[in-house]
Amino acid sequence: LDLKLVFAPDHAEALGRSCSVTIEALPDKGSRSEGAEAILHLEFAPLRPIRTTVQALVTHPAGGLWRFLLDLAADAAEPDDTIEIVSAMNKTSTVSFHLTNQFDKPAQFSAIILPEVQTAFVVRPNTGTLAPYGSEGTRLMLDFTPSEYGKNYSAQLIIDTEEMQWIYELKGSFPQYQPPEAEAVEGKVETHISRDVEESLSYYRPQRNYAKINTQAVKKHDRHDAF
């Protein structure tokens with residue numbers, strides 16, 4: 001028995017790498033009424049979500065042909081990593097990273113941040129070419145600009161090529177406030193007058209002879225008593 005897989009043209013390259021099938025002919029039981037039996041072994045290991053139909057064509061040397069339709073489906077995988085960015089209110093913080101294709105050839109990619117209605121996160125560039133595996137990679141940058149206090153900022157960055165998908169969880173936050181330690185706080189108000197200031201004030205302060213003033217006051221008092 002011979003086996004051949006026929007893929008849809010738009011998924012042919014990706015499925016050619018991720019899908020394989022073998023056929024195992026079972027021993028002939030010697031009964032023509034039951035016919036020959038065989039088992040198909042399909043291995044499907046996709047690198048990105050996909051839903052498609054594959055044709056498995058089985059041919060017999062004597063001229064028989066069997067056609068089987070295989071429905072293949074792969075859902076999105078778990079996130080590859082989490083990227084955390086900290087930024088002040090209405091300020092933009094940027095982080096960057098390098099990414100290569102999964103294979104030793106360049107690949108066109110597209111990048112999107114979900115949900116699309118959010119505006120705090122921006123990816124640059126959102127389309128381009130990923131460098132081949134083993135190279136320095138293509139540089140991608142993420143901007144985070146918070147505009148509301150008390151809000152939890154989260155999103156997903158999804159990068160797609162024809163054969164591969166990467167998913168990153170994005171977390172945005174504000175800088176953590178750290179109050180100053182009491183021992184480290186120095187007084188800002190001077191409560192004592194320095195010697196230089198004291199001397200300058202005394203220089204301009206009129207000098208009064210209190211002994212003379214008191215003597216004159218007593219003399220005036222005696223005069224009034226004498227009358």
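Predicted model: local features only at pLDDT ≥ 70, side-chain atom pairs only at ≥ 80, totals over all residues.
Reader: How many aromatic pairs does the structure hold?

Author: A pair of aromatic rings is described by the distance of the centres and the angle of the planes. The structure holds five aromatic pairs. In one of them, the ring centres of Phe121 and Phe144 are 5.0 Å apart and the planes stand at 20 degrees; planes under 30 degrees apart count as stacked, so this pair is stacked.

Reader: Where in the chain do Phe121 and Phe144 lie?

Author: Phe121 belongs to strand β9 (residues 121–124) and Phe144 to strand β11 (residues 138–144). The two are 23 residues apart, and the pair links distant parts of the chain.

Reader: Is Phe121 buried or exposed, and is Phe144 buried or exposed?

Author: Buried means under 20% relative accessible area. Phe121 has 4% and is therefore buried. Phe144, at 0%, is also buried.

Reader: What is the arrangement of the rings of Tyr149 and Phe174?

Author: Their centres are 5.3 Å apart and their planes are at 35 degrees, so the pair is tilted. Tyr149 lies in the loop between β11 and β12 (153–160), and Phe174 in the loop between β13 (165–173) and α2 (195–204), so the pair ties together parts that are 25 residues apart in sequence. Tyr149 is exposed, with a relative accessible area of 63%, whereas Phe174 is partly exposed, at 23%.

Reader: Which residues form one aromatic cluster?

Author: Phe121, Phe144, Tyr149, Tyr153 and Phe174 form one cluster.

Reader: What sits over the ring of Phe103?

Author: The charged end of Arg17 sits over that ring, 4.0 Å from the centre.

Key:
Residues numbered from 1 in each chain as written. Heavy atoms only, no water. Phe/Tyr/Trp six-rings, centres within 6.5 Å; stacked < 30°, edge-to-face > 60°. Helix = DSSP H or I, 4+ residues; strand = E, 2+ residues; numbered from the N terminus. Buried < 20%, exposed > 50% of the residue type's maximum accessible area, 1.4 Å probe, protein only. Lys NZ or Arg CZ within 6 Å of the ring centre and 35° of its normal.
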